[in-house]
Amino acid sequence: LCRQLPAWGRAARHPQRPPQPPSLPLAPCRAFSNNKILVELDESSGVATMKFKSPPVNSLSLDFLTEFCISLEKLENDRACRGVIFTSAVPKIFSSGLDITEMCGKSAEHYTEFWRAVQELWLRLYGSNMVTVAAVNGSSPAGGCLIALSCDYRIMVENPKFSIGLNEAQLGIVAPFWFKDTFVNVVGQRVAESSLQLGSLHPAPQALKIGLVDELVPEEKLQEKAAAVMAQWLALPDHARQLTKSMMRKAVLDRLLAHREEDIQHFVGFISKESIQKSLRMYMEMLKKKKS
């Protein structure tokens with residue numbers, strides 16, 4: 001962990017405290033890292049940055065999902081943290097979405113564990129009390145799009161080569177109702193309906209046009225803009241913002257909580273079908289050919 005001695009933050013609030021001796025090294029942040037997630041918390045601003053570092057494409061494997069939830073829980077329980085910026089440490093990709101290898105050729109028990117972890121990520125992120133900003137610095141299909149959709153605000157790099165969307169239909173699978181509900185709440189019923197049926201991936205300019213992202217910025221300005229947006233949101237009293245967020249999102253969260261086991265059973269039954277397994281195997285083969 002970095003030393004948490006933000007003298008220029010705490011001293012400003014408590015001028016009567018003597019400054020730290022100059023011999024002690026100062027660091028403005030605390031950091032913790034595991035295999036797939038890096039978190040840096042700036043205590044002076046109360047803002048954490050969570051970077052996905054699971055190359056080549058930040059796919060949402062069971063390990064990634066577990067580390068994501070643990071990291072988010074740590075931040076939720078840290079009184080110094082009021083907001084989180086999510087971004088990628090892997091060039092040109094925010095997250096490729098659910099790891100297909102977790103859904104292909106495994107046991108029903110594994111599918112159950114995996115899908116429960118996917119649910120947990122969404123429940124924690126969509127229901128978070130903190131301000132959440134997605135700094136989308138690369139393509140973000142499927143589950144990667146869900147992470148962005150679940151945040152309070154989405155900023156994407158102004159690059160038409162980067163795309164975002166819930167493209168599950170292209171893989172022969174169906175986005176679950178809570179993916180759909182989250183999408184509808186952001187872009188509206190009609191856009192969500194056509195996008196989900198077509199499995200559309202929207203280039204950045206189109207994503208802005210349909211309201212899937214809130215802003216486009218040059219890549220070199222992304223972190224600066226995310227910090228500015230975060231500061232604007234944190235200028236409000238936490239309790240008022242949190243209660244408003246809960247009021248707006250509670251019905252969608254409660255729907256999954258009420259049907260969580262049913263949703264898992266539906267996923268396991270669906271993904272275990274031979275026709276679906278065949279589609280996933282074909283998609284994996286296609287990806288292998290692209291790499292070669």
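A salt bridge here is a side-chain nitrogen of Lys or Arg within 4 Å of a carboxyl oxygen of Asp or Glu. Searching the whole structure with that rule turns up 14 salt bridges. Keep in mind that this is a predicted model, where local features need pLDDT of at least 70, side-chain atom pairs count only at pLDDT 80 or more, and totals for chains, interfaces and linings use all residues. Numbering runs from 1 along each chain as its sequence is written, and side-chain values use heavy atoms, with hydrogens and water left out.

Let's start with the overall picture. The protein has 11 helices and 11 strands, taken as DSSP runs (H or I, at least four residues, for helices; E, at least two, for strands) and numbered from the N terminus. Of its 292 residues, 49% are buried, meaning under 20% relative accessible area with a 1.4 Å probe and protein chains only; exposed is over 50%, and partly exposed is in between.

Now to the charged pairs. Glu-261 bridges to Arg-116, with the closest N and O atoms 2.8 Å apart. That pair ties together distant parts of the chain, Glu-261 sitting in helix α10 (residues 260-271) and Arg-116 in helix α3, 145 residues apart. Glu-261 counts as partly exposed at 41% relative accessibility, and Arg-116 is partly exposed too, at 33%.

A salt bridge also joins Arg-260 and Glu-120, at 2.9 Å from N to O. Again distant parts of the chain are linked: Arg-260 is in helix α10 and Glu-120 in helix α3, 140 residues apart. Arg-260 is buried at 15%, while Glu-120 is partly exposed at 24%.

Then there's Lys-180 with Asp-181, whose closest N and O atoms are 2.7 Å apart. Shared partners also join Glu-73, Glu-120, Arg-124 and Arg-260 into one salt-bridge network.

Setting aside neighbours within four places in sequence, Glu-67 is in contact (heavy atoms within 4.5 Å) with Asn-34, Asn-35, Lys-36 and Ile-37.

Finally, look inside for the largest cavity, lined by residues including Leu-60, Val-118, Gly-143 and Phe-179. A cavity is a set of points on a 1 Å grid over the protein atoms alone where a 1.4 Å probe fits but cannot get out, and lining residues have an atom within 4 Å of a point. Helices α3 (108-126) and α4 (142-149) each supply at least two lining residues.

Conventions. On a 1 Å grid over the protein atoms alone, a cavity is a set of points where a 1.4 Å probe fits but cannot get out, and a pocket is an open set with protein on both sides within 12 Å along at least five of seven lines; lining residues have an atom within 4 Å of a point.
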